[in-house]
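User: I have just opened this entry and would like a guided tour. Could we take it topic by topic?

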Amino acid sequence: MCDVDGTLLGEDGWKPGAVDLVREAGLAGLRVALCSGRPKESLLMLAGELPEVTYVAAGGGSVVLRRDGDAWTVVGLRFLPPEVVAEVEARAAEIDMEVWA
């Protein structure tokens, strides 16, 4: 599992050695996963540049997808229930705290 932003990817694109690292791991028979708080569409676009990536974990782990040939299959999907989100939003509002959910 490799974090994307700030680890493999910098402001100007892939960090030096990042693509080689992922490719070598794939060639060694390791399953490579890209992980991020990013939405799945963004991670899938990045994984499209690296055929060695076999998994992506997006949205902070709320969705996990596995590469199946040219397609991606959801293997895990986990979201907070709406009532939990509403409670967190209400408590955050009480203390003037910004919440993203």
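Predicted model: local features only at pLDDT ≥ 70, side-chain atom pairs only at ≥ 80, totals over all residues.

User: Which residues make the nonpolar surface patch?

Analyst: The patch is made by L80, V84, V88, I95, M97 and V99, and its area is about 540 Å². One of these residues, V88, sits in helix 3, which covers residues 82-94. V88 is partly exposed, at a relative accessible area of 40%.

User: What about W100, where is that one?

Analyst: W100 is found in the segment after helix 3. With a relative accessible area of 75%, W100 is exposed. The C-alpha atoms of W100 and V88 are 9.9 Å apart, and 12 residues separate the two along the chain.

User: Let us step back. How many helices and strands are there, and in what order do they run?

Analyst: The protein chain has three helices and seven strands. Read from the N terminus, the order is β-β-β-α-β-α-β-β-β-α. The radius of gyration is 16 Å, well over the 13 Å given by the globule rule for 101 residues, so the chain is more spread out than a compact globule.

User: What does the C-alpha trace span, and what share of the residues counts as buried?

Analyst: Along its principal axes, the C-alpha trace spans about 50 × 30 × 20 Å. Of the 101 residues, 27% count as buried. As for contacts with a separation of 6 or more, 28% of them involve residues 24 or more positions apart.

User: Now helix 1. Which of its residues are buried?

Analyst: Helix 1 comprises residues 18-27, and its buried residues are A18, V19, V22 and A25. They lie on the same side of helix 1, because they cover an arc of only 135° around the axis. The other side of the helix carries E24 and L27, which are exposed.

User: And what covers those buried residues of helix 1?

Analyst: The cover includes strand 3 (13-14), strand 4 (32-35) and strand 5 (53-58). Just after helix 1, G29 takes a positive phi of about 90°.

User: Which residues of helix 2 are buried?

Analyst: In helix 2 the buried residues are S42, L43, L46 and A47. Viewed down the axis, these residues fall within an arc of 135°, so they line one face of the helix. E41 and M45 are exposed on the face turned away from that buried side. Among the elements that cover the buried residues of helix 2 are strand 2 (9-10), strand 6 (63-68) and strand 7 (71-77).

User: Which residue forms a salt bridge with E52?

Analyst: E52 forms a salt bridge with R23, where the closest N and O atoms are 3.6 Å apart. This pair also links distant parts of the chain, 29 residues apart, with E52 in the loop between helix 2 and strand 5 and R23 in helix 1. E52 counts as buried at 18% relative accessibility, whereas R23 is partly exposed at 34%.

User: And where do E87 and R91 lie?

Analyst: Both lie in helix 3, four residues apart, which is about one turn of the helix. E87 is partly exposed at 44% relative accessibility, while R91 is exposed at 54%.

Terms used:
Residues numbered from 1 in each chain as written. Heavy atoms only, no water. Patch = residues over 30% accessible without salt bridge, like charges linked within 9 Å, V, L, I, M, F, W, Y side chains within 5 Å. Areas by Shrake-Rupley, 256 points an atom, 1.4 Å probe, with all protein chains shown as cover. Salt bridge = Lys/Arg side-chain N within 4 Å of Asp/Glu carboxyl O. Helix = DSSP H or I, 4+ residues; strand = E, 2+ residues; numbered from the N terminus. Buried < 20%, exposed > 50% of the residue type's maximum accessible area, 1.4 Å probe, protein only. Rg over C-alpha atoms; globule rule 2.2 N^0.38 Å. Contact = heavy atoms within 4.5 Å. Arc of directions from axis to C-beta.
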